[in-house]
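Please read the points below with the sequence and the structure open beside you.

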Amino acid sequence: MHRREALRNVAFLSPWLIGVSVFFLYPLISTVYFSFMKYDGFTAPTWTGLKNWSYVFTDYPFFWPALRNTLWLVIVMVSLRVLFGLGIGMLITKVKTGAGFFRTAFYLPYLAPPVAATMAFAFLLNPGTGPVNNILGAIGLPQPGWFNDPTWSKPALTLLALWGIGDLMVIFMASLLDVPQEQYEAASLDGAGAWQRFWFVTLPNISPIVLFAVVTGVIQTMQYYTQPLVAGKVASGVIGGSGQQFEPGYPEKSTLTLPQLVYNLGFQRFDTGGASVVALVLFALAMVFTAILMRRRSGFLSD
Amino acid sequence: MQRLNRAVIGTAAVALLATACTGTSEAPKANDDVTKDVTITFWHGWSAPSEAAAITANIKAFEAKHPNIKVKVVGNINDDKIKQALRAGGPNSPDVVSSFTTDNVGTFCTSNVFADLKPFLDKSGIDMDKTFPKALQDYTQYQGKRCALPLLNDAYGLYYNKDAFKAAGITAPPKTMSEFDKIAKQLTKEKGDTYSQLGFMPNFHGYESTTSHFAAQWNPTYLTPEGKSNLAADPAFASMLKWQKNLVDSLGGYAKLEKYRATFGDEWGAKNPFHTGQTVMSIDGEWRLGMAKEAGVKFDIGVAPFPVPDDQADSYGKGYLAGTIIGIASPSTKQNAAWELVKYMTTDTEAVVNFSNGIHNVPSTLDALKSPNLKVDEGFKTFLEIAQHPKSNTTPASPNGGAYQLTFQDFAFQHEAGKVPDLAAGLKKTDEQIDKDLAQVK
């Protein structure tokens with residue numbers, strides 16, 4: 001009887017079990033396995049011990065620049081996106097007239113396909129012909145090189161991410177509208193100012209949503225691939241149309257991110273082993289960040 | 001005991017799971033009968049309607065000659081799809097594969113996913129040296145193993161604006177680098193902190209102004225016979241970098257040129273800076289002629305081989321060559337039939353000429369290059385000559401997708417920006433990096 005019950009439970013769980021095993025556990029185990037193998041994608045893999053690991057950490061010239069870039073983006077881009085999303089969310093919930101228009105206007109950019117949006121930004125921010133630098137020049141401000149300048153390429157990507165703030169704005173808006181009105185009234189009666197109302201009423205109420213935004217933002221940024229790749233290709237002008245390999249991370253490796261290395265090693269250099277090492281580093285980092293952020297929180301629920 | 005058993009079973013299961021999708025290196029022997037009815041699959045990367053039509057015509061002509069072999073053609077295939085299919089194998093995977101990415105030949109050869117063509121060539125009595133130009137033989141083999149053949153070719157040369165030349169009183173295209181530098185400077189008109197016209201864009205992001213295209217004029221040796229990087233040992237590379245940096249400086253400096261470069265239109269669009277007159281000269285492949293015509297360029301276009309270093313003036317006429325490659329998938333069980341198609345497409349003079357006329361690339365056999373049936377205009381003839389020049393050369397295949405070229409290019413970016421204090425030491429360090437990358441895939 002006991003056995004049949006267990007079997008039935010497993011049967012009910014089977015869609016999830018199959019999904020997790022096929023699309024998560026199996027690839028993960030394979031990745032660990034390949035990270036110790038020399039494997040070009042065609043010939044049978046052979047054991048190489050820690051060679052792939054030592055190559056990626058000590059000899060692969062793209063690894064450390066890409067790791068630095070990814071961490072830079074995780075820290076700067078995610079923080080700014082959360083602050084900006086919260087700010088826009090608060091503004092929009094306060095707007096009296098035309099709320100529908102503003103909501104749509106701020107949400108729409110998020111729907112633009114990443115490749116098209118990135119190309120549009122690369123054209124707008126083109127240091128030679130782009131309108132942004134023309135305007136900056138006309139009002140006497142400095143004209144940075146944006147995607148063509150290694151110090152400005154990541155800030156330019158951050159601008160692009162802030163422009164597509166729609167996803168965060170919507171969830172912040174929903175959570176802000178959910179904060180009980182009575183609490184604001186009670187705080188006002190106690191003589192709380194605008195800042196105190198935000199700090200003691202709004203923030204505690206929406207903190208699970210902020211945490212959710214940070215965690216998903218960190219994971220998304222770890223996987224950041226399309227935008228830096230397209231920006232680098234478009235800005236460098238060399239798209240590799242005549243069969244030549246394109247240069248990863250233009251300008252000067254400043255837009256390299258870890259997922260691009262997985263592609264570079266695994267698919268351009270036929271080094272599945274090295275690519276697996278980078279993928280595992282990425283996995284470990286995402287786990288660490290998430291664990292730190294979730295440590296003193298009961299998940300995404302309110303305390 | 002039971003726990004131990006479970007552990008053993010678990011480990012075995014994990015090992016089995018992990019190795020499940022790794023493909024095999026066992027290749028079937030070529031023992032199919034070419035006289036029997038058979039259908040083979042051919043994958044290629046061309047996608048434009050005119051190109052697809054040229055392929056169709058080519059295949060029709062083949063089928064007419066070999067009525068028992070039917071060819072299923074699949075177009076618009078990129079290298080990622082090719083790799084996936086070759087890994088998976090099976091009856092639905094391609095028998096004949098062509099690819100634009102010459103740099104992948106090294107891996108295709110060493111991993112045996114492309115069948116060794118030597119037995120087939122011997123069987124058909126094809127003499128490589130009498131059939132294909134030398135550079136084309138080079139980029140289709142890796143360390144003596146021939147696993148691909150050239151299918152048409154791209155040659156690089158100098159394009160110049162004849163009207164601008166006339167206006168400046170220049171009567172002939174430059175033949176040596178010092179003549180070239182002088183003309184480039186003479187044709188450059190500065191306007192404030194930018195240019196109204198630039199003689200030539202030497203910066204390494206200037207579209208086809210790449211390290212490998214320039215270096216070909218010095219006949220470089222990228223890799224030693226042992227497969228080690230050779231940048232510091234071969235003076236060709238230092239000479240090329242010094243020449244380029246000198247030209248960059250004499251035309252106004254790296255930063256100013258980069259700023260001007262940012263105003264250029266897309267390389268493959270109508271606003272290519274050569275079309276618009278922003279640059280007077282450019283290095284480019286044979287396809288530029290057709291593209292310029294399509295873009296409605298108003299001025300007269302001149303074509304010549306790219307100039308050579310002054311001390312190699314006797315080898316004027318050479319240039320960089322690369323092209324599409326074609327091979328037989330080693331998982332294929334119809335390799336003899338597949339060879340018939342490969343042999344026809346790569347060595348039959350009529351087929352190569354017709355295909356070249358259709359695609360507007362340079363033909364890839366010595367006979368086809370001399371064929372009177374080639375429909376080409378004056379400018380294109382220059383590229384036919386570059387392709388036949390004995391000193392024309394290419395970048396050799398490597399086992400990591402040509403990573404050595406990108407590493408050298410990275411160094412060249414540093415050098416042109418003036419960030420390399422010691423060129424010799426820098427080249428040596430680049431050698432070391434390339435060797436480390438090669439050792440990783442050895």
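1. A residue is called buried if 20 or more other C-beta atoms lie within 10 Å of its own, exposed if 12 or fewer do, and partly exposed in between, with the C-beta atoms placed from the backbone. A:L108, which sits in helix α4 (residues 99–111) of chain A, has 11 C-beta neighbours inside 10 Å and therefore counts as exposed. Its C-alpha atom is separated by 15 Å from that of A:I171, 63 residues apart along the chain.

2. This is a predicted model, in which local features need pLDDT of at least 70 and side-chain atom pairs count only at pLDDT 80 or more, while totals for chains, interfaces and linings use all residues. Residues are numbered from 1 along each chain as its sequence is written, and chains are lettered from A and ligands numbered from 1 in the order in which they are written.

3. Chain B contains 20 helices and 11 strands, these being DSSP runs (helices H or I, at least four residues; strands E, at least two) numbered from the N terminus. Of its 442 residues, 48% count as buried, and its C-alpha atoms fill a box of roughly 80 × 65 × 35 Å along the principal axes.

4. Where chains A and B touch, chain B gives 44 residues and chain A gives 34, two residues being in contact if their C-beta atoms, placed from the backbone, lie within 7 Å. On the chain B side, the helices that each supply at least two residues include α1 (2–18), α19 (403–416) and α20 (423–441).
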